[in-house]
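The sequence and structure are shown first.

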Amino acid sequence: QNEWLLQRITFPPFILLVIGQPSKGKRPKEPGENKIKPVNKKVKPKTPKMKERESADSSLKSQSILTQVMDKGRFQKLAATLSLSAGQSLELRCKGSNVTWNYPSYLDTFKDSRLSIKQLDRYGQLILANSTAADTGEYSCWLQLCNGNKCRKDETKTGSTYIFFTDKEELFVPTPSYFEIVYLNPDKPAVIPCRVTTPSAKVTLHREFPAEEIETDGTDIIYDVKKGFVYQHPTSDHKGIVYCKAESHGAPQISIKYHLLYVEVPKGPPSATIAASSNRAEVSDRVHVICTALGEPDVDVNFRWQYPGQESERPVIIQNFWRLINRGTGHTIRISKSILLVEDFEARDAGNYICIAQNLQGETTVATTVELN
């Protein structure tokens, strides 16, 4: 009886212990793993939604080859925007053996010696020393794919960042002039480019006359810290003189003035005319031929000439200039002129004078004749 009682006491814990152990062929459960799982059911692993993955990948892809060199040889991948204090030096690197850079255009205009660009074996290098508020803008790079003399941009390997060089004395990015013209075309947005050096600055738009603040409703007029104020649908009511005001932990600052001109000129090749000072000339006369083209105020017109003494390399003087004309009701046009001058008229100068006026939409050819008396 004692032995039977001992077995009743001893064996149940032993049996419970055996049941609690994993059977052969089954792996031990990991901590935190579900204790009950359906038998023979395939569980599909969860994956991130494609839209989220693609958007993350695309943002990383656009920044993948551009880095900033920090102190002590550290590197930092760049976000869409970066704020640095004016006076700091900047070094950017772009991975690749054939890198092209883009940066604020005025650095090229003035051939600024503070800017240095080099191409090394494995990366392109951009160094900007002693930065100023005027250096604020977009800095980007991309790889060139070349086949012989033809090269194209590799869209999959690019990098871009917008850098603010903050300066409390210069809240607005400095410009070379104190007055700018902004053309208001009814078929495209117009930008008043009062960009700031401090992204947190509060910026407002103001009309000079009548003196008032222009409401930025976020629909028809929006503010973009990288561009300025954008008129989405310009009209003749928007014309006039405006300026911007910025505030950031101190006295407000005023931008330069912008003259908004409303434009409504049919798009197309220039409308050109040609006239000579005289269609008959004596030997040794001074003769000039004027080619005049009318067009959109913000579209350049290029002139080419064909004249009788051209093949014999007859020396002539050609001068080009243009001006804006307000035709009333808010309409502004651009008058471009090219003047060809013959100082001492000779027999070889007699004949047809042909002017070709060209813009982005096409070209117009006009001609006149000058004869020798």
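Beyond its neighbours within four places in sequence, Tyr231 is in contact (heavy atoms within 4.5 Å) with Pro189, Ala190, Ile192, Leu205, Ile214, Asp220, Ile221, His238 and Leu260. The model is predicted: local features require pLDDT of at least 70 and side-chain atom pairs count only at pLDDT 80 or more, while totals for chains, interfaces and linings use all residues. Residues are numbered from 1 along each chain as its sequence is written, and side-chain values use heavy atoms, with hydrogens and water left out.

Tyr231 is among the residues with the most contacts inside the largest nonpolar core, together with Ile192, Phe229, Cys244, Tyr258 and Leu260; this core has 21 residues. Such a core is a set of buried Ala, Val, Leu, Ile, Met, Phe, Trp, Tyr and Cys residues joined through side-chain atoms within 4.5 Å. Buried denotes under 20% relative accessible area, exposed over 50%, and partly exposed the range in between (1.4 Å probe, protein chains only). At least two core residues come from each of β10 (179-184), β11 (190-192), β12 (202-207), β15 (228-231), β16 (240-247) and β18 (257-262). Strands are DSSP runs (E, at least two residues), numbered from the N terminus.

An open sheet of three strands has the order β11-β15-β14, with antiparallel pairing; two strands pair if DSSP finds at least two bridges between them. Because β11 and β14 (221-224) each have a single partner strand, they stand at the edges and one side of each lacks a neighbour in the sheet. From one strand to the next, the twist averages 25°. Four antiparallel bridges pair β14 with β15, and Tyr223 stands opposite Phe229 in β15.

The chain has four disulfides, a disulfide being a pair of cysteine sulfur atoms within 2.5 Å. With bonded cysteines counted along the chain, the pattern is 1-2, 3-4, 5-6, 7-8. Three of these links are tabulated.

| Disulfide | S to S | Angle about S-S bond |
|---|---|---|
| Cys94 and Cys141 | 1.9 Å | 75°, right-handed |
| Cys146 and Cys151 | 1.9 Å | 110°, right-handed |
| Cys194 and Cys244 | 2.0 Å | -60°, left-handed |

Cys194 is buried at 1% relative accessible area, and Cys244 is buried at 0%. Cys146, by contrast, is partly exposed at 39%, as is Cys151 at 44%.

Conventions
Axes fitted to C-alpha atoms, helices over the stretch in contact; angles between N-to-C directions.
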